[in-house]
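Here are some notes to read alongside the structure. Keep the 3D view open and go through the points one by one.

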Amino acid sequence: MQTDAHISNAKPARNGDATVSAVPAAQIAAALAMKRQAVQWHLRDVEPATREKFVNGNAAAGWTLSQLPPALLKLAEAARVNGHYRTLNDVFTNPRTRWQPPLPMNKICDADIQAATKLRDALKPWLIRQHDLKPGELKAGGVESYARVFGHPVTPRFWDELFNRTVQRDGGREEWNNLAIYLPVRLKPKATPADVVSASVTDDFAELENLIVACINPHDPSEAERAGLWMLALEKCASLVRAGQSEKSASRLVRQFLFARAKFLAPSRNALRMALERKLDQWQRNNPESLADGRKANGDRPEYPSADIRRVRHSAVLKNGSRIDSAWREEYPQLSEYTRQRHPRSRKCPRAFYQLVNRLKVDALCARLQGKRKLRKIVGSVTRNADGIHTMARWAVDDWTSNVVVAFRNPDGTVSLIQPQIITVMDFASRKWVGWSMSNDKGPTAELVCAAILDGFRRHDVPRKLYVENGFTFGKSLNVNGKVDDQGRTVVAGLAQYGCAIHHFDKMSPTSKGELEKSFDLFQRQMERHPGYAGRLQMLDASDDFKRETRLINSGKVDATKFRYTFAEFIRVMHRLIEEWNAAPQFGHLHGLTPDEAFEVLKDANDPPIKFDNRLLWMLANERYRVTVEAGGVSFRHYGRKIQVRGGELPQHVGEELWALVDRQDCSMVTFMSLDHRKTFTVETCQQPSADESRIATGSSVLASELKKIGSHMRAVETELKDLTGEFGNPRRDLLAQIRGATDALAGVADGTTRRVILNSRIENSAEQMHAQRQAITAKRRQNTANKSKARRLGIPAVLVEDDDQSRRALELLGDTAPTNSPTKLDGKFIYQLKPSGHDQIKYVDYLVEQLAKFRKAGAGFGQKFTGEITFGSVKKIAAAQLHCDLHDVSRFDEISAHLQGAIDATILGKKNLAKGTPNYHEFFQTQETP
């Protein structure tokens, strides 16, 4: 970088650097195409070399080049390179000149002046505010202003070109009223009147005038017509010389006429003079070719071998990444002798050969080499017309991954950063999002697809057509697509059974669902302002702030919720974004209507949608399996998990085949249906009791409940055997009785078959029956839980309590007569007095267990991490396992109390309370003050 050049006409700097002169801020700004205020801001901490510079008669401060900060020096060096200046000194001594149009303003046609005026009205407000607005706001406002002024829209890219061209022409002066900087690139001059030739000259050159008028196009004659015009002009010149005029005068008269009436012969007077003199000299020497076009002797048109052209094209496509010049250099030794003799070896492909290789063909072949999708962008796609399509006629379903990373809490209490998977359902005609679903899965699932479609059905009923993606997940959504077995029988009834036709988009063709893909793009733009935005491609687009926050979260220094939405919060965010999308006006196909408005306006009153009923809800909301009831119940796998069902009405259907229906959200119950859909019943799934339940959790009764279910199956077999022997006798006993003189036993066999019917009209009532049965089981669960809780409060072992109404009434009577131990008030203090009875000791043990659970939960606030959830039951099980006894064993009350009290004191909160002198619990006979 050169900084020691001398700036002419400037005083030397005060610091003694005689080779560098001071430059005012305005001159620096003009040279670097910056605002004067910006230059002054860079020089705010630099003391001027002089304050005696004069700009427009006013004193101003000046700085030498050596004083400029690095930022300004870098810009100056760039200006020197781009402007081809010899030194940095020349950048400031020859500042950027104002752009001037190639034609004076008074010579430019009115149409260009009017276009420049309109462009100034459209750009000027945004040129003034360009430093105060964000790029997105500037471009959006400018495009809208252009459409308002000119009456037609313009693309953001073209608006950028107009804006940048105007700024460049201004040269940093910010004189936005100057009309010249808004002029078009190609200017048209004002229409000039036709050249006028005097009447005398016209009479002298009447033959030439008649020849020009007789041309097919008088403004652009053919080569033969021009040759004839030149011949007649030369003969006219010779006749003027023979009439007594000098050669110079005769030539001048002919040129004057030709330049006025035949400007197509030469662009200027001098060019016309030289052409006329050359042709006149040749004509005088009797040269028959003097009037012909000399370019025709340049040679014949080259005809390259087709193999050479295809060889270079092949090399450009498959070897050189569409670079024709590189392919020419590489394949030149293999080209034909004709091509190599015609063109010597060079770095660039000759223009004639380049045109035959065909740049457009090379680009198309390279695109196909990259894939059909790339070629499809070049070839283009079909523009579809949505006119005449009503709402509810066609829905589109597709998946996409959120660009916002959220904090998801795992079942074990840890937090993971995930990008949720979203399934969206859009109505084609109105562009409205009619349904959606979201999960924490790493990819779309069949369950998520059914949930999104079911959400749309619940809100708006069923469309006529449903278009889904062609991927594996959407194909495995059998409740949507349906399924038949190898014999052609319907195994899973898809939506087609209900009148909704299922179609799949074309493979590898996003344009077939362009409306939905465009909505995804707009939604991703809206996500840019939300916390946790990772960019379209996180590895490339993630910001530095996002990476820094991710490192802090992964290191455990901050909680994930400080920088990220929780999963529940993001669901609310997505709900708000969808509502805003459906309520925002859209132009183009909707002509300013919102999707919500268009959804109502475009409905077809003569063709209502398919009604969404319980049959469809039951089909989409459950998984269906065909099972056989064995002697030990039913066993099958559901999403990789083994489901075992016993009890209920199952013992009555041993050996029968049934439908097993499992709700995706709650697999604790299974609804069974006969194959002909006549009978429906619901049974709870089996639980797995602890191997040590009889000692550590006697009140849970899981083991007792499961043993009871097994007993029901055994009793069913025993009852069946008893009925058979009672009806037909016991052969062994009958033989014994026969020997002893008893009567013979009767015998007989009854057999029946079950007709298998996959689907019929009885399926309509299945959903209501299943719902009622599930409600009954849920109510029975709650009653059983309430009975056991009341028994524990009364000091009765929960294992002794049944889940029937008789037990509930007995517990209510005991609760009404049981003495209460409510606190009493003495001397202004509440005293909790426990009596040394067995029930009171049990209550005190439960009190200590509750204290221990509360103190252990408090440990999470001090950084402790637990593998499972801390509850009263889990703490009680752990303590019972440690003591190897029932905690309600009154004979070991002192030992149990001491163990629990020691565990409470050993917690972090217990240790802190002991250090402060605060008790962690009250003793068995200690009074407790309450405010």
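1. Let's start with a pair of helices. The axes of α6 and helix α7 (residues 156-170) cross at roughly 95° and come within 10 Å. That angle makes α6 roughly perpendicular to α7. Before going on, remember that you're looking at a predicted model.

2. Which residues make that contact? From α6 you'll find Leu138, Lys139, Gly142, Val143 and Tyr146. On the α7 side they are Pro156, Phe158, Trp159, Asp160, Leu162 and Phe163. Sorted by class, the contact of α6 with α7 has eight nonpolar residues, one polar and two charged.

3. Next, turn to helix α9 (residues 206-214) and helix α10 (residues 223-242). Their axes come within 10 Å and cross at roughly 175°, and this makes α9 roughly antiparallel to α10. The contact of α9 with α10 counts six nonpolar residues, one polar and one charged.

4. Now a third pair. Helix α13 (residues 306-318) and helix α17 (residues 359-370) have axes that come within 9 Å, crossing at roughly 45°. So α13 is oblique to α17. The crossing of α13 past α17 is right-handed.

5. Who touches whom here? In α13 the residues are Arg313, Ala316, Val317 and Leu318, and they meet Lys361, Val362, Leu365, Cys366 and Leu369 in α17. By class, the contact of α13 with α17 splits into seven nonpolar, no polar and two charged residues.

6. While you're in this part of the chain, have a look at two backbone angles. Ser322 sits in the loop between α13 and α14 (324-331). Its phi is near 70°, which is a positive value in a residue other than glycine. The loop between α16 (351-357) and α17 holds Asn358. Asn358 isn't a glycine either, yet it has a positive phi of about 75°.

7. How much space lies in the second largest pocket? The answer is about 910 Å³. The pocket is lined by 24 residues, and the closest to its centre are Lys518, Leu522, Arg525, Gln526 and Trp581.

8. Where does the lining of that pocket come from? Three helices, α6 (135-150), α22 (514-526) and α25 (567-583), each supply at least two residues of the lining of the second largest pocket. Which of the helices gives the most? That's α22, with eight residues. As for classes, the lining of the second largest pocket includes eleven nonpolar residues, five polar and eight charged.

9. Finally, the cavities. The structure has two cavities of 30 Å³ or more, and the largest cavity holds about 60 Å³ of space. Its lining is made up of Arg394, Ala396, Met426, Phe428, Tyr467, Phe505, Ser512, Lys513, Glu515 and Leu516. In class terms, the lining of the largest cavity has six nonpolar residues, one polar and three charged.

10. One link to check on screen: β4 (394-401) and α22 each give at least two residues to the lining of the largest cavity. And α22 is also the element that gives the most to the lining of the second largest pocket. Colour α22 on its own, then show both linings to see this for yourself.

Note on methods. Residues are numbered from 1 along each chain as its sequence is written. This is a predicted model: local features need pLDDT of at least 70, side-chain atom pairs count only at pLDDT 80 or more; totals for chains, interfaces and linings use all residues. Side-chain values use heavy atoms; hydrogens and water are left out. On a 1 Å grid over the protein atoms alone, a cavity is a set of points where a 1.4 Å probe fits but cannot get out, and a pocket is an open set with protein on both sides within 12 Å along at least five of seven lines; lining residues have an atom within 4 Å of a point. Grid points are joined across faces, edges and corners, and a volume is the space filled by probe spheres set on the points. Helices (H or I, at least four residues) and strands (E, at least two) are DSSP runs, numbered from the N terminus. Ala, Val, Leu, Ile, Met, Phe, Trp, Tyr, Cys and Pro count as nonpolar, Asp, Glu, Lys and Arg as charged, and the others, Gly among them, as polar. Axes are lines fitted to C-alpha atoms, for helices over the stretch in contact, and angles run from 0 to 180 degrees between N-to-C directions. Angles under 35 degrees count as roughly parallel, over 145 as roughly antiparallel, 65 to 115 as roughly perpendicular and the rest as oblique. A crossing is left-handed if the near helix is turned anticlockwise from the far one by less than a right angle, and right-handed if clockwise. Contact means heavy atoms within 4.5 Å.
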